[in-house]
Number of protein chains: 2
Amino acid sequence: MKVGIIGGGSIGLLFAAYLSKLVEVVMYTRTQEQASQINQHGIVLKKATEEREVSRVKSMPFFEWSGTEDFNIVAVKQYQLPSIIEKVNQFKKSPRNLLFLQNGMGHLKLLSRVEAANIFVGSIEHGALREKPYGVSHNGQGVTNVAVYRGDAVELRQLAALGTADFPILYQSDYYDMLVKKLIANALINPLTAILQVKNGALIENPFYYHVIQNLFTEIVYILELKQPEAYWQQVISICKRTADNYSSMLKDVAAKRVTEVDAILGFLLEEAARRGKEAPQLENIFLLIKGKEIVGEAGL
Amino acid sequence: MKVGIIGGGSIGLLFAAYLSKLVEVVMYTRTQEQASQINQHGIVLKKATEEREVSRVKSMPFFEWSGTEDFNIVAVKQYQLPSIIEKVNQFKKSPRNLLFLQNGMGHLKLLSRVEAANIFVGSIEHGALREKPYGVSHNGQGVTNVAVYRGDAVELRQLAALGTADFPILYQSDYYDMLVKKLIANALINPLTAILQVKNGALIENPFYYHVIQNLFTEIVYILELKQPEAYWQQVISICKRTADNYSSMLKDVAAKRVTEVDAILGFLLEEAARRGKEAPQLENIFLLIKGKEIVGEAGL
């Protein structure tokens, strides 16, 4: 099997480092510069144990990608997806397998117009940090969940079989359920930790904050009409526990005055609420507080 | 007229400094130590203009108070009120006029059992900081509103007549309306600024934060069944503008890890909601976030 990975961010590098131990990987990057560095140095993977591994991976810039690999993993940011999809639809021959790894659920509405035999989606529960253009730190070991969005599962199961003990890939039967579970956890953990400026663990250790995430969860259950909410709640608690000492990505984005993923996360839930004619005052306030933080500048806003 | 002021905090000192220019004032303090210092140094009032004035005021500790003054102004914290009221009800002769200056509306339920001819309540819109046991800085010039809670208005109007251009005392005809207006402003400004760690002005300058206080205000209008909400909203905006560069008292309390006034402010609104069988999810979340901040300690909660 030959795997193409599109996107040289932390997740793209992480997948390239692990998968290249078992199959041939081609890494497609936005810049020629990054491709050159990967070709020169390989990909340096730093594990939580501080152990370092170097993988030889062939790399080239996006414009050389033509989708001919057996499997293509798209690991770009949500806002880069439209241009990637446009490119895919201009390939001479449609790619066979495309796996999309974006956060949230905002990208689902783009996938219906992608021309490919099989379309898969995944959700990542790893902590990974790109330390340099060819180096990634795998500082939170978790799992990758994958599911069929459209098409046949056989080749996705083959990809899942490439998972290892330190990089498991779990096949899931229901893509919507898989993504919504992750989305709910993100919706409860990321914005609140960014507003309160606390580690993820505070949300379950502080009884008042715990009460707030319970309240917000109740509103999400109402909006999405979840039939068996317990499993979703357990996932939230489990992620809070597992990442208790971590600062959420949204907290880091707010601190660095970067745009956050709040549109893809809470924005999706608010759109769902509107679509179903439901009110979501609690989620809306949390959403607005983050949007307010995004525009805070020197003016003291 | 002889005025007794009970409580040597910033508001007690402020009233003593201004009123002693026109009438005889006796200042009752919790400690003998503070009374001695006031007797020795007088009360030093620092105005926003940096001008300093010293007023000679007689002072003695609480236990010497017997309520014989023509007018008694109670300027202690809410949590000290029960013991003050117990003392009043043990006086040989009930006091003639009692004015209560506590924040919020939680104290109203205590006032029905106070034995005094006339009971008044007030709300303070001054910024004042106790700089030492006998010194107060008047750093935000505002007004004092006063109204009859029970009894006759004649002597309250006489007190209001002691107001001056730099220390106005405004007679109001409806005590509930007066207190609730202040409470609503406090409920919208104090907790949010403490959560976001911003100056009061940010709530109207940042369009997303502005949207949040609008949402919260809508919930308050619903809970209290306000018939003409515009006047209340205008008061909120006007306080935000007037105190744009200030940090709210709740923000300072949270920063100093002190207990806040959130029970007297949001707690009152949540009790009202419960009493009227209404839901208040937005106010509850803001309340819980402040309660959570109150218990944040070294454990990183």
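Tutor: The crossing of helix 8 of chain B and helix 11 of chain B is left-handed, a term used if the near helix is turned anticlockwise from the far one by less than a right angle, with right-handed used if it is turned clockwise. Helices here are DSSP runs of H or I with at least four residues, strands are E runs of at least two, and both are numbered from the N terminus. The model is predicted, so local features need pLDDT of at least 70 and side-chain atom pairs count only at pLDDT 80 or more, while totals for chains, interfaces and linings use all residues. Residues are numbered from 1 along each chain as its sequence is written, and chains are lettered from A and ligands numbered from 1 in the order in which they are written.

Student: At what angle do helix 8 and helix 11 of chain B pack?

Tutor: Helix 8 (residues 207–224) and helix 11 (residues 262–275) of chain B pack at about 50°, with their axes 9 Å apart; axes are lines fitted to C-alpha atoms, for helices over the stretch in contact, and angles run from 0 to 180 degrees between N-to-C directions. That angle makes helix 8 of chain B oblique to helix 11 of chain B, since angles under 35 degrees count as roughly parallel, over 145 as roughly antiparallel, 65 to 115 as roughly perpendicular and the rest as oblique.

Student: Which residues make that contact?

Tutor: Helix 8 of chain B contributes B:Ile220, B:Ile223 and B:Leu224, and helix 11 of chain B contributes B:Leu269, B:Glu272 and B:Ala273, where contact requires C-beta atoms, placed from the backbone, to lie within 7 Å. By class, the residues of this contact are 5 nonpolar, no polar and 1 charged. Ala, Val, Leu, Ile, Met, Phe, Trp, Tyr, Cys and Pro count as nonpolar, Asp, Glu, Lys and Arg as charged, and the others, Gly among them, as polar.

Student: Switching to chain A, how do helix 6 and helix 9 of chain A cross?

Tutor: Helix 6 of chain A passes helix 9 of chain A in a right-handed crossing; the axes of helix 6 and helix 9 (residues 229–242) of chain A come within 9 Å and cross at roughly 55°. The two helices of chain A are therefore oblique to each other. Among the residues that meet there are A:Leu188 in helix 6 of chain A and A:Ile239 in helix 9 of chain A, and the contact divides into 8 nonpolar, 1 polar and 1 charged.

Student: How many residues of chain A are in contact with chain B?

Tutor: On chain A there are 22 residues in contact with 22 residues of chain B. Helix 12 of chain A gives the largest share of the side of chain A that touches chain B, 8 residues, and that side divides into 11 nonpolar, 7 polar and 4 charged residues.

Student: And the sheet in chain B, what's the strand order?

Tutor: Chain B has an open sheet of 8 strands in the order 5-2-1-6-7-8-11-12, with mixed pairing, where two strands pair if DSSP finds at least two bridges between them. Strand 5 (58–61) and strand 12 (169–171) of chain B stand at the edges with a single partner strand each, so one side of each has no neighbour in the sheet. The twist averages 25° from one strand to the next.

Student: What stands opposite B:Phe120?

Tutor: Opposite B:Phe120 stands B:Val148 in strand 11 of chain B; strand 8 (residues 118–124) and strand 11 (residues 144–150) of chain B pair in the antiparallel sense over 6 bridges.

Methods
Two residues are in contact if their C-beta atoms, placed from the backbone, lie within 7 Å.
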